[in-house]
Amino acid sequence: MTKKKSIQETDSNLQIETLTVENAELNDRFLRLYSEFENYKKRTAKEKIDIIATASEKVILGLLPIVDDFERAITQNQNIEDVTVLKEGFELIYNKLLALLKRFEVEEIAALGEPFDTDLHEAITHFPAQCEDDKGKIMDVTQKGYKLKDKVIRFAKVVVAN
C-alpha cells in the first residue's frame, strides 16, 4: 500500500509540477500578448493623430493657391474699370474652390424643391404652400448644406412650405 501511495504521490507531484509549468507558460504568453496589445493601442492612437494632422495639411495646401489667386485678384482689381473681367476672375476662383472641395469629397446637399428631410436640412421658418403638391417641400435655401463623403458636416438651412 505504501508503494501505491508513493506512486500516487509521485504522479500527483508530477502533475502539479506540469500544471505549474503550464501555468507559468500561459501567464508569460498572456503578459506578452497584453503588452503587444497595449503597444498596438498606443501605435494606432499615434497613427490616428498623424492622419488627422496630415489630412488638414492637405486641405490647407489645397487652399493656399486659391488664397494666392484672391490676393492677385485684389491687387489687379484696384485699377480695373471693366466689371466683366472682375466677374470672370471671381468665377474662376470660385470654380477652383469647388474643385478642391470635390477632390476632398465634399458635396453640396440638394435642397431647393426637395422634400424636407431632418437628416439633411434644418428648417428656419415655414410658409404657406401655394398648392397641395408643395406641402413639405423646400421653398428657399438660406444657407447651403454640405456632406463630407456620407456624413453631414453642415445642415442646409431652409424655408419649408406647409
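This is a predicted model: local features need pLDDT of at least 70, side-chain atom pairs count only at pLDDT 80 or more; totals for chains, interfaces and linings use all residues.
In soluble globular proteins, nonpolar side chains tend to be buried together. Here, the largest nonpolar core has five residues: Ala-111, Ile-138, Ala-156, Val-158 and Val-160. Strand S6, residues 156–161, supplies the largest share of this core, with three residues. What does Ile-138 touch, leaving aside its neighbours within four places in sequence? Its contacts include the core members Ala-111, Val-158 and Val-160. Among the others are Leu-112, Pro-115, Phe-116 and His-121.

**The hairpin.** Strand S4 (residues 146–148) and strand S5 (residues 151–154) run antiparallel, joined by three bridges. Leu-148 has Lys-151 in S5 as its bridge partner. Two residues sit between the strands of this hairpin. Lys-149 is in that turn.

Most residues other than glycine have a negative phi.

| Residue | Phi | Location |
|---|---|---|
| Glu-105 | about 60 degrees | loop between helix H2 (83–103) and strand S1 (106–108) |

Is Glu-105 buried, partly exposed or exposed? Glu-105 is partly exposed, with a relative accessible area of 44%.

**The surface patch.** Which residues make the nonpolar surface patch of about 330 Å²? They are Phe-30, Leu-31 and Tyr-34. Phe-30 belongs to helix H1, which covers residues 2–76.

Technical notes:
Residues are numbered from 1 along each chain as its sequence is written. Side-chain values use heavy atoms; hydrogens and water are left out. Patches are made of residues with over 30% relative accessible area and no salt bridge: like charges are joined within 9 Å, nonpolar side chains (Val, Leu, Ile, Met, Phe, Trp, Tyr) within 5 Å. Accessible areas come from the Shrake-Rupley method with a 1.4 Å probe; for residues, only the protein chains shown count as cover. A salt bridge is a side-chain nitrogen of Lys or Arg within 4 Å of a carboxyl oxygen of Asp or Glu. Helices (H or I, at least four residues) and strands (E, at least two) are DSSP runs, numbered from the N terminus. A nonpolar core is a set of buried Ala, Val, Leu, Ile, Met, Phe, Trp, Tyr and Cys residues joined through side-chain atoms within 4.5 Å. Buried means under 20% relative accessible area, exposed over 50%, partly exposed in between (1.4 Å probe, protein chains only). Contact means heavy atoms within 4.5 Å. Two strands pair if DSSP finds at least two bridges between them.
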